[in-house]
Amino acid sequence: MKIAILGGTGSIGEGFALRWAGNHDISVCSREAEKAVKAADEYKNMLLNKRMYCSSLGGCTNDMGIMDANVVVLSVPYDSVITLLKSLLPHFNNQIVISLVVPMKKNQLFKYTPPKQGSAALEIKDVLPETVKVVSAYHNISAKKLANLELRLDYDVVVCGDDEEAKKTVMKLTEEIKTLHPLDGGGLSSSYMIESMTPFLINLAIRNGFSDLGVKFV
Ligand SMILES: NC(=O)c1ccc[n+]([C@@H]2O[C@H](COP(=O)([O-])OP(=O)(O)OC[C@H]3O[C@@H](n4cnc5c(N)ncnc54)[C@H](OP(=O)(O)O)[C@@H]3O)[C@@H](O)[C@H]2O)c1
């Protein structure tokens with residue numbers, strides 16, 4: 001599968017590129033081609049140093065990455081995602097778009113600040129063509145832990161979406177990241193519950209002296 005990671009140069013994009021590069025063609029995407037190529041080269045070297053197989057991992061601009069992708073990962077901050085997507089609209093057709101975007105603000109602690117649609121995922125769905133299948137996942141996975149290939153990620157990932165096939169694809173991609181466990185979270189309208197858990201987890205970590213908390217429903 002061809003996976004384009006928009007903002008793949010950033011914190012959580014790195015982890016997805018490293019974790020999926022063994023099985024998929026990965027485009028690390030950026031607003032700047034040079035930055036994307038540099039990041040992709042760094043990720044490739046990281047995998048080579050660990051003697052891990054990497055099928056195809058390259059860097060390009062966000063628009064180039066989307067064009068021939070089956071799956072597009074939105075790995076950019078909430079404040080920029082809608083403007084970015086509007087600028088990229090002509091390049092979308094029927095891709096699966098994964099939103100891990102969490103709208104939140106920091107005062108002393110973190111607060112979930114959803115848009116009027118109720119969640120970032122629904123707002124993103126509103127701006128994309130109807131043929132694009134938006135799936136919401138990975139909001140509660142720490143970027144630091146995802147990028148650490150030595151770690152066993154014993155967490156659940158709640159996946160929400162209105163297209164069952166697209167949701168299944170994302171659940172399968174999740175299973176490929178050892179040892180994340182995908183859970184069907186229902187339709188996209190449920191995304192707000194899982195998005196809002198991220199500021200809750202960060203506040204919980206701050207209050208109790210932890211870092212990078214994840215979730216396991218047992
Ligand atoms: N970090 C985590 O642990 C974590 C966990 C779960 C979910 N998330 C979600 O994942 C998303 C990415 O988080 P992150 O921590 O990886 O973010 P980040 O490192 O701050 O940024 C990721 C990338 O977004 C791009 N970007 C920044 N400002 C932009 C703008 N104005 N317009 C277009 N692109 C812009 C940059 O890529 P270029 O400069 O190369 O274009 C940057 O490398 C967020 O929505 C966050 O809520 C993060």
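1. The largest pocket holds about 700 Å³ of space. A pocket here is an open set of points on a 1 Å grid over the protein atoms alone, with protein on both sides within 12 Å along at least five of seven lines. Its volume is the space filled by probe spheres set on the points. Of 31 lining residues, I12, M104, H139, I141 and T198 are closest to the centre. Lining residues have an atom within 4 Å of a point.

2. This is a predicted model: local features need pLDDT of at least 70, side-chain atom pairs pLDDT 80 or more, while totals for chains, interfaces and linings use all residues. Residues are numbered from 1 along each chain, and side-chain values use heavy atoms, without hydrogens and water.

3. Helix 9 gives the largest share of that lining, four residues. Helices (H or I, at least four residues) and strands (E, at least two) are DSSP runs, numbered from the N terminus.

4. Helix 1 (residues 11-20) is mostly covered, with eight of its ten residues buried. Buried means under 20% relative accessible area with a 1.4 Å probe, protein chains only. Among them are I12, F16 and W20.

5. Eight strands form an open sheet with mixed pairing, in the order 3-2-1-4-5-8-9-10. Strands pair if DSSP finds at least two bridges between them. Strand 3 (56-61) and strand 10 (181-184) are the edges.

6. Strand 2 (residues 25-30) runs parallel to strand 3, joined by six bridges. D25 stands opposite S56 in strand 3.

Technical notes:
Buried < 20%, exposed > 50% of the residue type's maximum accessible area, 1.4 Å probe, protein only. 1 Å grid on protein atoms, 1.4 Å probe; cavity = no way out; pocket = protein on both sides within 12 Å on 5 of 7 lines; lining within 4 Å.
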